[in-house]
Amino acid sequence: MENQYRLYKLVFRNKYISNIIFNFVYEINSKFKLKRIRYDEITLEWISKNKNYILLEDKIKSNYNFKKEDLSYNGLSFFFEYLKKLDNNQDNNNQNTKNKSNLKIIGKNGLIVLKEFFRINCNSLFQCDLFHSKFTNYRNISIVKFAVHMGSFDFLLMVNEDPRKFSVGSNCLNHETEKNYITYMNDDDLLDEALKYGNLEIIKYVHKNMGINLKDYQKALHYSLMSTNRSLVVEYLLNDLKYDPPKNHTGSFDNYFSNLLLLDFKLFKRLHQMGSPFLYSDKAISNLLNTKFDDTFSNEKISFKKEYLQFIKSSIYIATLGLITTTAYNNHNLTLSRIERLENNYLNLKDILTTTTTTTTTTTTTTTSTTSTITATNNDNNNNSNNNDQSTLSILKNKLFKKDNKGTQEKEIKRTFIFQFLVSVKSISRNTMTRVITDFTREYGEYGSLVSSLSSLSGFDLESDLNSICSILLSIANFNCDYNLVEIVSKSYNKTKAIEKLLLSKDSYTRQNTEQLFDTNKIRIEDQLCYMELLVENRINFPIYSTIILHHILIHNNFQILLPNIKRILKIVNIIYSNFKKAEKDSMEESNNNNNNNNNNNNNNNNNNNNNNNNNNNNNNNNNNNNNNNNNYNYRNNNHLSGHNSTNRDDNGFTKGNYLSASIFVQNKDLFIYFLKNHKDFFDWTLEDIKRRAILANDLELLDFIEDNNSEFFTLI
């Protein structure tokens with residue numbers, strides 16, 4: 001960044017070059033009628049809306065003095081985000097974890113910039129009114145309260161201890177407290193605000209150094225539960241501030257019970273014993289499972305001991321008090337006791353196996369036998385493929401079957417929580433339970449128990465739940481490149497015409513969420529292509545089109561990595577084509593069957609009226625069906641591989657008619673050129689589609705190539 005700034009100065013200090021640039025800018029503004037804004041008219045609010053870090057840095061480096069009108073809550077928040085990025089939180093490890101919140105900390109370099117910014121702009125900062133509809137509740141706040149919102153103890157010290165805070169025009173006025181400390185107008189709730197944002201250093205400073213006490217005693221606990229640092233804040237509230245929670249609550253307490261469930265379990269029990277009400281919400285556990293504790297499609301996994309375990313114990317503890325509605329009577333005290341014994345290592349592996357419930361034992365047995373069956377089946381399948389495919393498929397399966405042993409303790413606590421508690425909670429949906437159980441079986445490699453576990457859920461109905469089950473399992477499989485889940489769907493659920501049609505659907509308008517696909521940087525290209533083969537061989541095109549997944553592989557891998565695997569890519573393409581043909585054949589057969597059934601029904605209905613007319617109608621209908629079949633047959637045979645005669649297009653699926661569009665190579669120019677020159681007959685090369693996708697993907701390199709080689713391009717295709 002420093003080097004860029006140096007080059008920037010070299011360019012714009014040269015009058016000749018800068019004049020050329022300014023003339024270009026003037027022409028562009030005139031041509032497109034863009035609104036022009038002068039450098040000194042640019043506010044922090046404008047910079048934040050446009051996410052312009054470079055312009056912000058330029059203003060800071062030039063010691064620009066912002067007017068108070070230029071400063072806003074959003075603009076200053078953006079500035080603080082910039083400060084945190086300067087050091088990438090390098091100094092976080094040097095701080096005492098008990099004296100900081102989970103907010104990002106400004107490092108040494110950021111602090112230097114902050115001090116200089118404050119030195120230049122302090123008068124404007126003290127005079128500005130900072131407003132935000134959500135964070136300030138439609139009120140103006142001072143720069144002092146803003147420092148609390150940012151969780152910056154250093155900045156709070158700067159503004160509170162600077163003598164210029166009471167200069168003319170400042171919104172900071174003298175106000176005497178019980179300890180004769182100076183604070184600010186409308187900042188008498190500063191301690192309440194500090195509790196919300198959870199920086200323990202700031203809380204102690206506001207309370208002890210600034211002499212400010214709680215303003216809203218009724219909501220102090222509610223505010224303390226709002227921050228991610230809630231356990232330390234509540235502990236300080238109870239121990240240092242000697243807070244006695246109210247026995248009755250009045251007012252609005254959004255997400256109170258949900259935040260309470262995230263508290264350290266010992267504090268949770270302590271609050272209950274002090275008589276503090278829970279403000280119980282029946283949907284809280286389900287909501288937390290779908291938000292806070294849903295890391296299914298995230299690379300950042302939740303801390304088990306610090307977060308998930310506390311939630312587990314608090315949830316079951318609530319059930320022991322009779323607040324949670326369950327499907328049947330459960331001895332929740334025994335469940336909680338078992339988890340606490342597991343946590344304290346009172347049970348060894350032998351104890352666990354002998355004390356596990358019948359359900360869990362059955363699950364484990366099913367896992368062993370089913371895994372053996374799947375392995376045997378896989379071996380039979382491998383014998384039918386070449387040695388290279390054998391090796392890759394074997395590696396992929398071994399990686400996914402043989403999960404690292406994360407410890408019996410954690411696994412058995414989760415097993416107990418899920419299968420002895422969660423499955424009985426009425427407020428948790430089957431979709432949520434499907435995801436939770438699937439995550440568990442994946443994490444510990446217990447794939448064999450998945451089908452039986454899902455089938456045992458309360459109210460489970462295979463016909464009505466099949467769509468959502470397959471969608472969840474295949475979505476998780478796509479995110480993790482997990483072959484085992486694909487096989488479970490294919491072998492256990494793909495038994496009906498309805499689900500087979502769903503899995504192969506290429507006319508669906510379901511939104512394609514490409515963000516929930518596997519990270520190509522973490523998975524070998526051989527494994528990616530192997531997974532892709534397994535999808536298309538099992539004719540699975542749901543919930544994300546197989547062509548979308550293929551495109552994901554092609555654009556996120558370097559050309560040199562893909563080049564040795566061209567044959568496998570072409571093999572996948574051929575399988576996709578064969579799936580198209582089979583789907584079309586199945587569709588035609590189904591259509592003919594429906595026509596015949598309809599005709600038969602019409603015949604039966606009209607028999608009583610006029611037999612002669614019925615016979616004539618049957619003959620006409622049969623002739624029409626034959627003509628339609630002949631037309632379809634001729635259309636298929638006259639359709640060339642290049643696909644120019646096809647008019648049907650599925651933009652999401654990269655298909656044009658029943659062929660793949662070459663736009664699937666957009667964002668990988670080298671691969672595009674290679675297939676154009678070596679395997680052009682496999683794809684449709686309609687320029688309109690390719691250019692449109694290139695523009696949407698901002699692939700300027702490919703657009704330049706097409707433009708520069710226009711005549712040669714048309715010759716090739």
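This is a predicted model: local features need pLDDT of at least 70, side-chain atom pairs count only at pLDDT 80 or more; totals for chains, interfaces and linings use all residues.
Entry one: the overall count. I looked up the aromatic pairs and found 42 of them in the structure.

Entry two: Tyr308 and Phe417. I took this as one of the pairs to look at. The two rings lie 6.1 Å apart, centre to centre, with 90 degrees between their planes. I noted the pair as edge-to-face, because the angle is over 60 degrees. Tyr308 belongs to helix H16, residues 304-320, and Phe417 to helix H21, residues 408-420. The pair links distant parts of the chain, 109 residues apart. I then checked burial. Tyr308 has a relative accessible area of 12% and is therefore buried, the cut-off being under 20%. Phe417 is at 0%, so I put it down as buried too.

I placed Phe672 in helix H32, residues 669-678, and Phe705 in helix H34, residues 700-708. They are 33 residues apart, and this pair also links distant parts of the chain. Phe672 is buried, with 0% relative accessible area. Phe705 is buried at 16%.

I found one aromatic cluster whose members include Tyr64, Phe66, Tyr73, Phe79 and Phe80. Phe117, Phe118, Phe126, Phe135, Phe146 and Phe155 are also among its members.

Which ring does the charged end of Lys219 sit over? I found that of Phe253, with the charged end 5.4 Å from the ring centre. For Arg693 I noted the ring of Phe654, where the charged end sits 3.8 Å from the centre.

Definitions and conventions. Residues are numbered from 1 along each chain as its sequence is written. Side-chain values use heavy atoms; hydrogens and water are left out. Rings of Phe, Tyr and Trp (its six-membered ring) pair if their centres lie within 6.5 Å; planes under 30 degrees apart count as stacked, over 60 as edge-to-face and the rest as tilted. Helices (H or I, at least four residues) and strands (E, at least two) are DSSP runs, numbered from the N terminus. Buried means under 20% relative accessible area, exposed over 50%, partly exposed in between (1.4 Å probe, protein chains only). A charge sits over a ring if NZ of Lys or CZ of Arg is within 6 Å of the ring centre and within 35 degrees of the ring normal.
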